[in-house]
Amino acid sequence: MTNTPAPRFDPGCPMVGVEEEYLVVDPVTREVVPRAAEVIARAALELGDRTNPEITRYQVEAKTPPCADLSGLGARLRDMRNTVAASARAHGLAIVASGTPVLGDVMPPLITDDPRYEIGIATYRSLHDDQAICAGHVHVHLPDREAAVLVSNHLRPWLPALIAMTANSPLRAGRDTGYASRRTLSWSKWPVAGPPPYFASLADHDAIVARLTEAGVLVDPGTIFWDVRPSSRLPTLEVRVTDVPATAGESALLAALVRALVVTALARVAAGDPGPHLSAELLRAAYWQAARDGLEGDGICPVTGTRQPAEDLLDALVRHCRPALDQTGDLPAVTERVDWLRAHGTGAARQRAALAVRGRPADVVDFLVEQTSPA
């Protein structure tokens, strides 16, 4: 979300925004190219501060404003993608929404010039070699940071299902990695990343962050890379667990489900429910299973440890937050988009289908260009 004042909080239908990262590619070679700065400069003429550089010179970041309804958010996502794509075309380039580069040698990547990134390189060293990866982040407005931390506890069981449904990074450097979301594994290497811990309170959260800072593990609050985190500046909760979805429709679906999970969690927090204590080992295993097989394989329920079809876990998520989806008015659209996802497969499955036609990774890049911003 942008740095505008927070809107009035509506517990039944809080504002929601989406932040996406894209890779810049050469439409002739189909390889990623370090020309994001040119694309950003042109896109900023229309998007302003809602487009920014990312850590590598291959990536463009763009953000929607906060939205109250799903149709409005979907329109903002399409407009945002179209603007960035048009800016790329003006420079003879293209953008793709993919969690990893399909083609191109990006290890080590070219890092964006920024004093903060220089400090990060000194701290984290070769971890930056794997940073040409793109995620989708959902920001939900909450009344305060205390609520955000307590809501986080309730979201943890559902994070693997979100990974599975948005998996969109099966290829890297021209080869199939065997994972539906290879980006998830790359991201898990960081010292403060993956599912957030269980927090008893905001004070508990802040004490842990303070200890991590004193230990030299964090450069600043922006290097808290937990997959759910309260903003240090705004009354919002950021869910940052997924690959960037291939299409704007999938991003809107993700945002609707995340908001419904937050609304459901808020009601439980208000009723005094502290959220489930999960086995760290089971949650880690559920992450890995979701990253490996996406929605097309089995998943692991992090509460019970049982293995079941990943689609069943997605159905359970929708049932869990169905009253909230009714409340926000998103249920019909979510039902339609979940059905679409079942019929067409995740971004990872569709990337592999594009590859299977002729066995050419370049065809996958062309497919992703069209999926990202249809002509």
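I take a salt bridge to be a side-chain nitrogen of Lys or Arg within 4 Å of a carboxyl oxygen of Asp or Glu. The model is predicted, so local features need pLDDT of at least 70 and side-chain atom pairs count only at pLDDT 80 or more, while totals for chains, interfaces and linings use all residues. Residues are numbered from 1 along each chain as its sequence is written, and side-chain values use heavy atoms, with hydrogens and water left out.

**Salt bridges**

I searched the whole structure and got 21 salt bridges.

I started with D363. Its side chain meets that of R360 in a salt bridge, 3.3 Å from N to O. I then checked burial (buried is under 20% relative accessible area, exposed over 50%, partly exposed in between; 1.4 Å probe, protein chains only). D363 is buried at 13% relative accessibility. R360 is partly exposed at 36%.

Next I looked up R240. It forms a salt bridge with E238, again by side chains, at 3.1 Å from N to O. R240 has a relative accessible area of 5% and is buried. E238 is buried too, at 7%.

Then I turned to K189. Its salt bridge partner is D130, with the closest N and O atoms 3.1 Å apart. This pair links distant parts of the chain, 59 residues apart: K189 sits in the loop between α6 (182–187) and β8 (193–194), D130 in the loop between α3 (115–124) and β5 (135–141). I use DSSP runs numbered from the N terminus, for helices (H or I, at least four residues) and strands (E, at least two). Is K189 buried, partly exposed or exposed? It counts as partly exposed because its relative accessibility is 48%. D130 is at 6%, so it counts as buried. I also noted R172, which joins D130 and K189 in a network of salt bridges.

**Aromatic pairs**

I counted rings of Phe, Tyr and Trp (its six-membered ring) as a pair if their centres lie within 6.5 Å; planes under 30 degrees apart are stacked, over 60 edge-to-face, the rest tilted. The structure holds 5 such pairs.

One of them is Y124 with W190, edge-to-face, at 4.9 Å centre to centre and 65° between the planes. Y124 is in helix α3 and W190 in the loop between α6 and β8, 66 residues apart. Y124 is buried at 9% relative accessible area, and W190 is buried at 6%.

W187 and F225 form a tilted pair, 4.7 Å centre to centre with 50° between the planes. W187 lies in helix α6 and F225 in strand β9 (residues 225–226), 38 residues apart. Both W187 and F225 are buried.

Which residues do ring pairs link into a cluster? I found Y124, W187, W190 and F225.
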